[in-house]
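Subject: Structure handed over, with notes

Hello,

Here is the structure, with the sequence alongside. My notes on what was found follow below it.

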Amino acid sequence: MSKTVNTEKNPEFRKKIRLSTVEELVMTVLWHQTRELYGLEISDVIEKAAGDNAVSFGSLYPALRRLEEKGFLVSRWGDETKERGGARRRYYKVTADGIEAVQRIQDIRDQLANLIFVTA
């Protein structure tokens with residue numbers, strides 16, 4: 001059971017949903033997934049969609065940390081495997097608050113698109 005946060009009456013949540021472009025891309029990717037993804041998978045999905053505008057690892061991992069600090073993502077460490085020389089992957093998934101944030105951002109974008117279309 002997830003609680004709904006009314007962003008109109010919760011200014012702290014409104015501040016939290018101010019996302020960078022990279023954060024919004026990451027949230028959109030994870031929002032549409034049925035399973036957890038690790039960083040390289042997230043980057044690959046963004047690259048397929050954005051082409052040359054792909055996200056660098058230098059901006060991806062800090063964005064993942066910020067989103068986790070905001071409570072929009074949770075992560076877990078995967079198992080060590082011989083194929084990766086014992087290295088583990090960190091898997092991410094979106095939380096209920098993260099879903100609400102990305103839906104709110106999408107609503108804002110839709111409202112802007114409608115406003116622009118009506119005034120153009």
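A salt bridge here is a side-chain nitrogen of Lys or Arg within 4 Å of a carboxyl oxygen of Asp or Glu. Before the pairs themselves, two sentences on the source. This is a predicted model, in which local features need pLDDT of at least 70 and side-chain atom pairs count only at pLDDT 80 or more, while totals for chains, interfaces and linings use all residues. Residues are numbered from 1 along each chain as its sequence is written, and side-chain values use heavy atoms, with hydrogens and water left out.

Overall layout

The chain has five helices and three strands (DSSP runs numbered from the N terminus: helices are H or I with at least four residues, strands are E with at least two). Along the sequence they follow the pattern α-α-β-α-α-β-β-α. Of the 120 residues, 31% count as buried; buried means under 20% relative accessible area, exposed means over 50%, and partly exposed is in between, with a 1.4 Å probe and protein chains only. The accessible area of the chain is about 8,100 Å², and carbon and sulfur atoms supply 51% of that (Shrake-Rupley method, 1.4 Å probe; for residues, only the protein chains shown count as cover). Among contacts (heavy atoms within 4.5 Å) with a separation of 6 or more, 56% come from residues 24 or more positions apart.

Salt bridges

Side chains of opposite charge can pair when their charged atoms come close. The count comes to six salt bridges.

Glu 23 pairs with Arg 66, with the closest N and O atoms 2.7 Å apart. This pair links distant parts of the chain, since Glu 23 is in helix α2 and Arg 66 is in helix α4 (residues 57-70), 43 residues apart. Glu 23 is buried at 3% relative accessible area, and Arg 66 is partly exposed at 35%.

Arg 109 and Glu 24 also meet in a salt bridge, at 2.7 Å from N to O. Arg 109 lies in helix α5 and Glu 24 in helix α2, so this pair ties together parts that are 85 residues apart in sequence. Arg 109 counts as partly exposed at 44% relative accessibility, whereas Glu 24 is buried at 12%.

Arg 35 forms a salt bridge with Glu 41, and here the closest N and O atoms are 2.9 Å apart. Arg 35 is partly exposed, with a relative accessible area of 48%; Glu 41 counts as buried at 16%. As for shared partners, salt bridges join Glu 23, Arg 66 and Lys 70 into one network.

Helix packing

How do the axes of α2 and α4 cross? They come within 9 Å and cross at roughly 75° (axes are lines fitted to C-alpha atoms, for helices over the stretch in contact, and angles run from 0 to 180 degrees between N-to-C directions). That makes α2 roughly perpendicular to α4; the classes are under 35 degrees for roughly parallel, over 145 for roughly antiparallel, 65 to 115 for roughly perpendicular, and oblique for the rest. On the α2 side the contact is made by Val 22, Glu 23, Val 26 and Met 27, and on the α4 side by residues including Leu 60, Leu 64, Arg 66 and Lys 70.

The axes of helix α2 (residues 21-31) and α3 come within 10 Å and cross at roughly 100°, and α2 and α3 are therefore roughly perpendicular to each other. Leu 25, Val 26, Val 29 and Leu 30 of α2 meet Ile 42, Val 45 and Ile 46 of α3.

Two residues of α3

Ile 42 is in helix α3 and is buried, with a relative accessible area of 0%. Leaving out residues up to four places away in sequence, Ile 42 touches Val 26, Val 29, Leu 30, Leu 37, Leu 60, Leu 64 and Tyr 92. Ile 42 and Val 26 are 16 residues apart in sequence, and their C-alpha atoms are 6.9 Å apart.

Ser 43 is also found in helix α3 (residues 39-50). Ser 43 is buried at 6% relative accessible area. Apart from neighbours within four places in sequence, Ser 43 is in contact with Val 55, Phe 57 and Leu 60.

Surface patch

Which residues form a nonpolar patch on the surface? Ile 108, Leu 112, Leu 115 and Ile 116 do, with about 360 Å² of accessible area together. Patches are made of residues with over 30% relative accessible area and no salt bridge, joining like charges within 9 Å and nonpolar side chains (Val, Leu, Ile, Met, Phe, Trp, Tyr) within 5 Å. Ile 116 is found in helix α5 (residues 96-119) and is exposed, with a relative accessible area of 56%.

Regards
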